[in-house]
Amino acid sequence: MALCEAASGGASLAWPRVLLFGDSITQFSFQQGGWGASLADKLVRKCDVLNRGFSGYNTRWAKIILPRLITKGNSLDSPAAVTIFFGANDSALKDENPKQHVPLAEYVANLHTMVQQLSAAGVPASRVVLVTPPPLCEAAWEQECLLQGCKLNRLNSVVGEYAGACVQVAQDCGVDVLDLWTLMQKDTQDFSSYLSDGLHLSPKGNEFLFSHLWPLIEKRVSCLPLLLPYWRDIAEARPEQSLLGDGDH
């Protein structure tokens with residue numbers, strides 16, 4: 001059964017989902033003004049937007065937990081869209097942050113694995129969106145590192161290598177990609193205002209991400225109806241006919 005058909009009929013009310021899987025930039029996305037919260041607002045009564053962001057995580061750990069977050073089932077259990085948004089921690093410098101660092105070749109392999117895991121769970125490539133890490137403002141992030149008693153542990157040029165690898169994985173797997181690292185630096189613009197501390201997104205950065213991600217999500221959920229009737233359309237005498245029938249909108 002196609003996703004849109006599953007969402008629009010049947011005795012049990014199917015509530016589609018959009019799954020956001022990533023690190024702290026995903027975990028924090030439900031804060032006020034966050035890009036995940038903006039998605040949830042756009043999709044209210046059409047999709048549940050699930051935040052599965054894990055602060056500090058890299059792809060080495062992500063590929064282990066992804067099968068626990070999504071299991072193979074029928075079409076009602078399959079997300080309408082999934083974002084995979086890692087790299088900010090993988091790209092940490094090995095000498096300064098060995099626990100979070102993941103070598104570039106392993107990062108590539110891990111992204112491939114996660115796309116394959118989703119496919120095995122019934123989520124086709126057409127529903128998957130990879131997101132590259134944003135650029136790093138080294139001056140601002142170095143101040144954060146110093147406050148934590150450590151040296152600068154990331155470089156924007158290195159983050160760019162991981163972003164480029166993420167784009168290549170998307171091409172290889174036939175999935176969409178949002179190249180945040182490139183877009184935020186387009187025409188050599190100053191991207192520091194997109195970041196709150198040099199690494200995580202500011203309100204402006206959240207707005208930027210949402211504005212570029214929404215078209216990719218919208219085309220995957222545009223066929224979904226508004227779930228349950230508008231209140232003025234509910235039959236006054238017999239509301240059960242409106243609320244328990246097949247007409248969701």
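These notebook entries record what I looked up in the predicted model shown above.

**Entry 1: Conventions**

I worked with a predicted model, in which local features need pLDDT of at least 70 and side-chain atom pairs count only at pLDDT 80 or more, while totals for chains, interfaces and linings use all residues. Residues are numbered from 1 along each chain as its sequence is written, and side-chain values use heavy atoms, with hydrogens and water left out. Helices (H or I, at least four residues) and strands (E, at least two) are DSSP runs, numbered from the N terminus.

**Entry 2: The nonpolar cores**

I turned to the nonpolar cores, each being a set of buried Ala, Val, Leu, Ile, Met, Phe, Trp, Tyr and Cys residues joined through side-chain atoms within 4.5 Å. I took buried as under 20% relative accessible area, exposed as over 50% and partly exposed as in between, with a 1.4 Å probe and protein chains only. The largest core has 37 residues, of which Trp 35, Leu 39 and Leu 209 touch the most other members. Strand E1 (17–22), helix H3 (35–42), strand E3 (81–85), strand E4 (128–131), helix H6 (138–147) and helix H9 (203–221) each supply at least two of its residues. Among these, H9 gives the most, namely eight residues.

I then listed the contacts (heavy atoms within 4.5 Å) of Trp 35. Not counting residues up to four places away in sequence, Trp 35 touches, among others, Leu 20, Ile 25, Phe 85, Leu 209 and Leu 213. I also noted a second, separate core of 26 residues, which includes Val 82, Ile 84, Val 158 and Val 175. In soluble globular proteins, nonpolar side chains tend to be buried together.

**Entry 3: Helix H5**

Helix H5 covers residues 104–120, and its 17 residues reach 24 Å from first C-alpha to last, close to the 24 Å expected at 1.5 Å a residue. The expected span is 1.5 Å times one less than the number of residues. Which residues of H5 are buried? They are Tyr 107, Asn 110, Leu 111, Met 114, Val 115 and Leu 118. These residues cover an arc of only 135° around the axis, which puts them on the same side of H5; the arc is that of the directions from the helix axis to the C-beta atoms. The face turned away from this buried side carries the exposed residues Ala 105, Gln 116 and Ala 120. The cover over the buried residues of H5 includes E1, helix H4 (59–69), E3, E4 and helix H7 (156–173).

**Entry 4: Gly 122 and Ser 78**

H5 is followed by Gly 122, whose phi is positive, near 90°. The backbone oxygen of Gly 122 lies 3.3 Å from a polar atom of the side chain of Ser 78. I located Ser 78 in the loop between H4 and E3. Ser 78 counts as buried because its relative accessibility is 9%.

The side chain of Ser 78 also makes a polar contact of 2.8 Å with the side chain of Arg 127. A polar contact is a pair of N or O atoms within 3.5 Å; within protein, one must be able to donate a hydrogen and the other to accept it, and residues adjacent in sequence count only if both atoms are side-chain atoms.

**Entry 5: Helix H7**

The 18 residues of H7 should span 26 Å at 1.5 Å a residue, and the end C-alpha atoms are 26 Å apart, which agrees. The buried residues of H7 include Asn 156, Val 158, Gly 160, Tyr 162 and Cys 166. H5, E4, H6, strand E5 (176–178) and helix H8 (180–183) are among the elements that cover the buried residues of H7. Just after H7, Gly 174 takes a positive phi of about 75°.

Gln 185 is placed in the loop between H8 and H9.

**Entry 6: Aromatic pairs**

I searched the whole structure for aromatic pairs and found nine. Rings of Phe, Tyr and Trp (its six-membered ring) pair if their centres lie within 6.5 Å; planes under 30 degrees apart count as stacked, over 60 as edge-to-face and the rest as tilted.

The rings of Tyr 57 and Trp 61 have centres 5.6 Å apart and planes at 80°, so this pair is edge-to-face. Tyr 57 is partly exposed at 28% relative accessibility, and Trp 61 is partly exposed at 26%. The rings of Tyr 194 and Phe 208 have centres 4.7 Å apart and planes at 45°, so this pair is tilted. Tyr 194 and Phe 208 are both buried.
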